[in-house]
Amino acid sequence: MKALALFLLLFVSVSMASAQPVVVIVRHGEKATNGGNDPDLSSAGRARADALARILKDSGITAIFVSEFKRTQETAVPTATSAGVAPTVVAAKDTAGLVARLHQLSGNALVVAHGDTIPNIIKALGINSPINIPNEDYSELLIVTLGDKPHLFRLHYSS
């Protein structure tokens, strides 16, 4: 975990020096088995959200985007609290609107999305690498540097 945090801090620092915003994209944490179509996070999901906040604490996050679903919002809470940033809700299926907002940023952002929407977000940011997130995988940490030639760094984190 410390090595991941160190790598992320170094990566964000280099990106900040080059004045290119960084977008960290994660899938929401593990969800509870009850709650219908909009469940809360499970205890494992809350632990993952806390781990994410620890990883991102020195990354200069200035904006956080979540969907209208509780699981994305609950995943973002620890990072939002640590960064002092209020999350912005963008409809899960509004990839174009989210990407437009990301391209307007002057700082780094966290996007908490869903396994089925992340591939479209990555593609809309100009990354051609195919992304497939299995239903049981909550560990993806996708880092995209914006700019003329966007770059993707794909990592995994645990709770």
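Thr 117 lies in the loop that runs between strand 4 (108-113) and helix 5 (118-124). The model is a predicted one.

Reader: Why is Thr 117 counted as buried?

Author: Its relative accessibility is 3%. Buried means under 20% relative accessible area, and Thr 117 therefore counts as buried.

Reader: Which residues does Thr 117 touch, not counting residues up to four places away in sequence?

Author: With that exclusion, Thr 117 touches Ala 92 and Lys 93. Contact here means heavy atoms within 4.5 Å.

Reader: How do you know that the span of helix 2 agrees with its number of residues?

Author: Helix 2 covers residues 43-56, which is 14 residues. The expected span is 1.5 Å times one less than the number of residues, so helix 2 should span 20 Å. Its end C-alpha atoms are 20 Å apart, and the two values therefore agree.

Reader: Which residues of helix 2 are buried?

Author: They are Gly 45, Arg 48, Ala 49, Ala 51, Leu 52, Ala 53, Ile 55 and Leu 56.

Reader: What makes up the secondary structure of the chain?

Author: The chain has 5 helices and 6 strands. Along the sequence they follow the pattern α-β-α-β-α-β-α-β-α-β-β.

Note on methods: Residues numbered from 1 in each chain as written. Predicted model: local features only at pLDDT ≥ 70, side-chain atom pairs only at ≥ 80, totals over all residues. Heavy atoms only, no water. Helix = DSSP H or I, 4+ residues; strand = E, 2+ residues; numbered from the N terminus. Buried < 20%, exposed > 50% of the residue type's maximum accessible area, 1.4 Å probe, protein only.
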